[in-house]
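Let's take a walk through this protein together. Have the sequence and the 3D view ready.

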Amino acid sequence: MSDLSLLMLGVLTAGQTSPPSNLPEPPVVQSDREIQQLKTENFSEISPPAEITPPEFMPSDSTAEAMTAPVNDQYQNLLNKNPKNTSSNNSLNQESQIPAETTPEISPAVQLPISPESPAAPEFSDTIESDDQMSQVTSVSQLDDVQPNDWAFGALQSLVERYGCITGHNNGKYLGNSAVNRYEFAHSLNICLNQIQELITKTQGNTVSQADLDQIQRLQIEFQKELQEVAQRVDVLENKNIELKSHQFSTTTRLFGQAIFSLQGTNTTNVDLFPRDGVPERQGKTNLTFTNGVQLTLATSFTGKDLLITGLSAGNLGSNASLISHNMGRLSFESNTENGVVINDLSYRFLLADNLGIVVGSSGVNAATTFRGINPLEGSGDGAISQFGQRNPILNIGNGTGGIGFDWEISDRISLQGVYSSEIASFPGNANLAGLFGGRYSAGAQLTLAPTDNLDIGIHYIYSHSPNDLLGTGIGDAQLISPFAPTTAFNTHAVGATIAWRLNDHLQLGGWGGFSTSKPANLSGSVETTNWMVFAALPNLGKAGNLGGILVGQPPKISSSNLPDGYNFPNFSNGGTPGGRSDTSLHIELFYRAQLNDRLSLTPGLLVVFNPDHNAANDPLIVGALRAAFRF
């Protein structure tokens, strides 16, 4: 494996987008019903997850690395998650430090053991107000220059040559042969006096000639005022530095942002709402729309080995699922908050050991933001334009927002991530519908392998409990029973794998597959779903920084359902008898990201879904989008 990153930020972040969960209510057949379910239970005060779709967790490598300083090359994934990295070992250095400006330590008018007539330097109080001190310092412009032919210039030059007393300062060189102001001269003189003082103290012998001591005494008397000024300026700067440090919240908080503008639309399609006779009952129409979304992420480090992530988002791009009666045209950058600002991430990430990172938070903690990203085409602002193209859909199961996770580096080529996440962890009113251990929650793990330098593999497992019949993948068959049957709780086990193979710097191939089995709590039988995707990533296509993508796959599909009669979703319009979907949807997507500069990218994309909603009676769905993403 390459270097690990503890974020991302999922994101510093460049990190990953937490999966959108709920969809607008379509007519008759609801592909996702969480919001309506909460309304019927009088929980209108709960913000549905669809309204707090988190933006990308962390910025790109270049931005995040500008924030961080290298500390630990071997473990940093949870601190800055970056799904766009072509390797599973997304590497972002964790120690966030803003270097402080340092000022040379200068003693006021250093007193050498010479004659009793040597001038004494005044003492300065540490309690003097810094602003008043600075106003009392003589302006350099009021000082006369010291010329190369002045006796003082030659005297200091001879001391430098004999004692090397400016070694380590000013690149070890004197001021040259040009005129300098008296303050600059006094600064060099003070350094030289300190060095000679240290030399005398160390040797405890007569290492300085009497002639040189006389010259030093004369220089001290001549530049007494300027030497005092040097000391006073240092005191002022030190006091200001102490005051700044005592009033700072953090020296390592950085702001990252992303703004997305999108022009998108779909074709007019005939939709078969009741798949009994293969006759469409309605026509799905959407307008050409121009939308926006913005996300702001504050990344704060207190120790250099931790990150507090605070994410805010706002936007007006919602799903068109209610207009086309299924969810297979969803876009990766949907973030419909009706332009209101919401908190989409509030998590703390830290190292528990050199090879073990922990993430805990009330928002932004789920499998998608904790597991290491394998798919090089992931990214709401600069990756695939579809929601399905982001990641294996089983990682979205559970709609998690708040919880705890870990990332354990077992070896250079093996790591293990785990997470427990609740959908609405903050709501205390009903343990059956919400809370940390109530309502919808999930737990999962991913084993991340890099058997070779150009091959990354992720093996996923997710367990989820749902208080109703919704799987929560956000795409494809997310509803487990007939809409005409009474709702019931389900427990789901899902397994899958994702692989990415880097053939060279310009071509990567990969794909994923997923399988889930869901058992109802109070009924016999089970529901099984499958999904798959293959992709080709074309980095640097046409120009360094550009990215092309080709994706072909099958969204989640109920392959088998053997619940009691009346409960099975595939045949809901024909008595709800057992059986799986008879038809299969095929998702084909093309996009090209043109990186215009370091901050701006423009991505035209097109996706076509054949047999949408796994129904051959439905017309093919065509979605086009032009996405402009600004990073700052």
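**A serine in a loop**

The side chain of S482 reaches the backbone nitrogen of F484 at 3.1 Å, a polar contact (a pair of N or O atoms within 3.5 Å; within protein, one must be able to donate a hydrogen and the other to accept it, and residues adjacent in sequence count only if both atoms are side-chain atoms). This is a predicted model, where local features need pLDDT of at least 70 and side-chain atom pairs pLDDT 80 or more, while totals for chains, interfaces and linings use all residues. Residues are numbered from 1 along each chain as its sequence is written, and side-chain values use heavy atoms, with hydrogens and water left out.

You'll find S482 in the loop between β13 (455-466) and β14 (490-504); strands are DSSP runs of E, at least two residues, and helices runs of H or I, at least four, numbered from the N terminus. Is S482 buried or exposed? S482 counts as buried because its relative accessibility is 1%, and buried means under 20% relative accessible area (exposed is over 50%, partly exposed in between; 1.4 Å probe, protein chains only).

Now hop over to strand β7 (residues 306-315), where seven of ten residues are buried. β7 pairs in the antiparallel sense with β6 (residues 289-300) over eight bridges, and pairing takes at least two DSSP bridges.
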